[in-house]
Amino acid sequence: MSSPRYLVTKLAAAAVSFAVTLVIGFVLFNLMPADPVRTMTRGRPTSEAELGRLRVQLGLDKPLWERFLDFVNDTLHGRLGYSWQYQQSVASLTMHRLGPTLLLMGTAFAISVALGLWLGVRSGWRAGSLFDRITSATALTLWSVPTFWLGMILLIVFSVGIGPIHGFLPAGGMSDPTLPQTGIEHYADVAKHLVLPALTMVLVVYAQYVTIMRASIIEEIGSPYLLTARAKGLTDAVVRRRHAVPNALLPSVTMIFLHLGGLISGAVAVEAIFSWPGLGELTYEALKIPDLPLLQGTFIVFSASVIIMNLLADLAYRALDPRVRAS
Amino acid sequence: MVTSSSRQSRPRRLQNALAAAGVSAALVAAGPGLAGRAFADGSTAGSGSGAGKTLRVAMDGSGVDTLNPFTAYFNGALDLFGGIYPTLTTIDDAGKSAPYLAKSWKLSDDHLTWTFQIADGLKWSDGQPLTAEDAAWTLNLIMTDDVAGTANGTLVANFESVTAPDATTLVVKTKQPQSNLDYISIPVSGIPIVPKHVWEAHTKDLKDFKNESTPVVGYGPWVLTEFKTGEYAKLDANKTFLLGAPKYDHLIEQIYKETDAAVAALKAGQLDYIEGVNATQFKTLQGASGVQTAQAVGNGWFGLELNAGAKTRTGKPIGTGNPALADPVLRKAIALAVDKKTLVAKVLDGQGQVAEGYLPPAWPQWSWKPADDQLSKFDPAAANKLLDDAGYKAGSDGVRVDPKTSKPLNLRLGIHSDDTQDAAVSNYLVSWFKAIGINATIQPMSMSALNSDLGKGNWDMLMDAWTTGPDPTYLLGIQSCGTLPNDDGSGGNTDSFFCDADYDKLFAQQSTIFDPAERAKVVGQMQEILYQGNSNIMFYNSTHKIAANAKVSGLLTGTKDANGFYPAQSSFWSYLKAAPAAEAAGSSGKDGGSGAGLWIGVIVAVVVVGGGGVLVLRRRSGADDRE
């Protein structure tokens, strides 16, 4: 398939996916049994007239098809609707939360990929060795630990401390309000707040890269081309680095792109435990009411991000693997 | 610290660079000016938010939805407003209305005109005079503008007119006599008064006005100087505050989404004060060093609602409720089957009281208890006898059969899926109900799904909880027939589809009785009707649990009762009266410890990483040799 035609096909597929996502997003959230007005005003003296007025204000009195058209219109205009609980546009809310989420998820993602791939290559190369057994066992154990539990344990150990050893890391938030909010000191402070949530994320997700990379390396290890490389007299490290790793990397690339797409949806559990003001936590808050425009808006943003990253993955695959081009 | 950017109002990280530039410029341009303008006499902390002592408290987990007091609903926002906007009256230790902006007030003989004497010489935080006109303007706006009435419209629904004939007189005329008028503008739960000269310009864009430009012009014990959505609010003390200056120079309200994290922060000395912790968290805090704990009587109830036959306003049955529950005998039997003392002991760990009356003990002026012969004591044998006598025969599986429909008593028990108390209590209920031949099935639901089902009458039994401020009108109101939905299912905000003509008559009556003791008597009769109806079975009043750094004093007001519980506490007074211990240098308790911890952590990390690395390297070289 020629390159332009390939690109057009992929773009069209992405556009169709997005359109389907719009419909699914709307139907899904509007099917949820909910009375947002009652939940929002819970515990406040609110007369029936006021509840009625609020329903009209939120557009809940309109028929479903009209709400769908409003929603599509809003999405295409980039407004993404108007959050009921925060009383501002979903686009601006999402933009505000994007920074903290990308900082946390980006840091955790970069460390997980680097650590996971490195450990995976080492383990796979010497499969069955003590190093492999320790690495794989540790990674799989951490992978199966519930995020929430691990986060709480880390929080107690490193924030409160154990016995006579006091903790030294902040228990939550993104910065210390008593410190200046600008300059080097501020960045150091944010970095300090980042340690525990990022560490929790890394410990929970890095195993995926370890296992996939390890498996790919083991698959490559018996290949004749490696024997040829060794026969040429190359050292073990060079054989691994120059010959085995590039070929074993493809499955990991798919996974990296898939995860990149999911990055902005944040990690609800980690953001909640460490009070990190990100998108995952925003979505969680929206679910409680439920704040439909906010849910739909974030759903669209998350989906669009996954669709775009998949598109990029397809294109990257074509660049990385000649076999894809040939087919 | 002195130069900290206390005026950064756009909070997020992506904007930090932009904000930093903007903030620096704003500080240079406006910093000294603002400090000078902050208070008329210039005696307050104008030196930025760093100097002086800081009280760090956990903000209510709901956070702040918006800083616009006309449209905000979340408790985090309401708590903040209590500190930065004034109200007409406040609440004293006994839960009664007391002077704030209004020095005194009197009621006309026809009970329709209230005249408030507003304190003289007060100034907003920007130096402009605070007069009765500000109060009149705020209340009029809520009465006349739909958006302005979003949060508090109901509180002024009975107002005929509000005027300010002069700077110190506010006159409120009501359509009908209204006995709770001195409670409608109290800190936190009442109407905050806003400065007319600031808000006048925003009446057109009130819905979109976020009010995030700091320092927020207001009057109260505190001034909001910095706000980061989803993170924290920073406030400076108003040292000339009418009801006494705060003892701390600054207040920080920080958001912890998980109470467990806030508890950890308190133990770690990163936080000075939290409230509303659960029984388990409270127990761990009681034993923690450097932490003081206290319990105040609860301002809410926790109980079970029974669907005695959901109907619309015209009496049309709606919903899928089990018709068996329309039988008062069955409801009485259910009430007798619940062992409230066990719930208090096991679920609350003793941190609460058994509840009978509808209104909570935080407001003793409304407390009502059933006479001994009316009391529904835990008595499964009596419950079984009642059901036997009424013809509910047990089937082969032990489940009784409804004699009217010949169907077994299978009842749904809706609980809040995110509430651990609901989960714990419902398990007890299922076994207790089984003992009297009722098969209850627990249905965990999200708060919004549960509310939705409630409004449509699609339920049999629901676990429910409510809190109330000192004026019980609203809580009593949601049990009145007037809150039932329309025939098409729209409207209505009933809590349990309870509807009783006598109750409604008393409800109307109590709102026009101005003698507190007389009103309490009528409110007591209403609670008696509710108690006998068994549509709302009260289980317990959990205490309000407070924990603070031991270095903070003066937090609590009142004296303990026989159970060791303090009277109801309010964040408004707690933050105002909290005082730093003389020797405490700042609020954080473990500064020395954290340094030590850091070093120990670093050393441990070096040893582990270094040792591990050596091990791996040795192993690798060995492996290479083997090849």
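Predicted model: local features only at pLDDT ≥ 70, side-chain atom pairs only at ≥ 80, totals over all residues.

Q: Where in chain A is A:Gly173 found, and is it buried or exposed?
A: A:Gly173 sits in the loop between β2 (165-166) and α8 (183-221) of chain A. For burial, count the other C-beta atoms within 10 Å; 20 or more means buried. A:Gly173 has 25 of them, so it is buried.

Q: How many helices and strands does chain A have, and how many does chain B have?
A: Chain A has 14 helices and 2 strands. Chain B has 16 helices and 23 strands. Of the 327 residues in chain A, 45% are buried; of the 627 residues in chain B, 51% are buried. The C-alpha trace of chain A spans about 85 × 65 × 40 Å along its principal axes.

Q: What do the records say about stretches of chain A?
A: An unreviewed UniProt entry gives the annotation "transmembrane region" for several stretches of chain A, including residues 142-165 and 194-212. Each can be compared with the model. Residues 194-212 of chain A are 100% helix and 0% strand, with end C-alpha atoms 27 Å apart. Residues 142-165 of chain A are 71% helix and 12% strand, and their end C-alpha atoms are 24 Å apart.

Q: Which annotation covers residues 99-474 of chain B?
A: According to an unreviewed UniProt entry, that span is "domain: Solute-binding protein family". In the model, residues 99-474 of chain B are 24% helix and 24% strand, and the end C-alpha atoms lie 23 Å apart.

Q: What describes two packed helices?
A: Two numbers are used: the angle between the axes and the distance between the axes. For helix α5 (residues 90-125) and helix α12 (residues 279-288) of chain A, the axes come within 8 Å and cross at roughly 135°. That angle makes α5(A) oblique to α12(A). On the α5(A) side the contact is made by A:Leu93, A:Thr94, A:Arg97, A:Leu98 and A:Thr101, and on the α12(A) side by A:Leu279, A:Gly280 and A:Leu282. By class, these residues are 4 nonpolar, 3 polar and 1 charged.

Q: How do helices α5 (residues 259-267) and α6 (residues 279-286) of chain B cross?
A: Their axes come within 11 Å and cross at roughly 10°. Angles under 35 degrees count as roughly parallel, and α5(B) and α6(B) are therefore roughly parallel to each other. B:Thr259, B:Asp260 and B:Val263 of α5(B) make the contact with B:Gln281, B:Thr284 and B:Leu285 of α6(B).

Q: What does burial show for helix α7 (residues 328-336) of chain B?
A: In α7(B), 7 of the 9 residues are buried, so the helix is largely enclosed by the rest of the structure. B:Arg331 and B:Lys332 are among the buried residues. The cover includes β13 (300-306) and α10 (420-435) of chain B.

Q: Which backbone angles are worth a look in chain B?
A: Most residues other than glycine have a negative phi, and most peptide bonds are trans. B:Val188 has a positive phi of about 70°, and with 19 C-beta neighbours inside 10 Å it counts as partly exposed. B:Phe497 has a positive phi near 65°; with 28 C-beta neighbours inside 10 Å, B:Phe497 counts as buried. A cis peptide bond joins B:Thr214 and B:Pro215, with omega about -5°.

Key
Residues numbered from 1 in each chain as written. Chains lettered and ligands numbered in written order. Axes fitted to C-alpha atoms, helices over the stretch in contact; angles between N-to-C directions. Helix = DSSP H or I, 4+ residues; strand = E, 2+ residues; numbered from the N terminus. Parallel < 35°, antiparallel > 145°, perpendicular 65-115°, else oblique. Contact = placed C-beta atoms within 7 Å. Buried ≥ 20, exposed ≤ 12 C-beta atoms within 10 Å, placed from the backbone. UniProt positions renumbered as here; feature names shortened; annotations may be inferred. Nonpolar A, V, L, I, M, F, W, Y, C, P; charged D, E, K, R; others polar.
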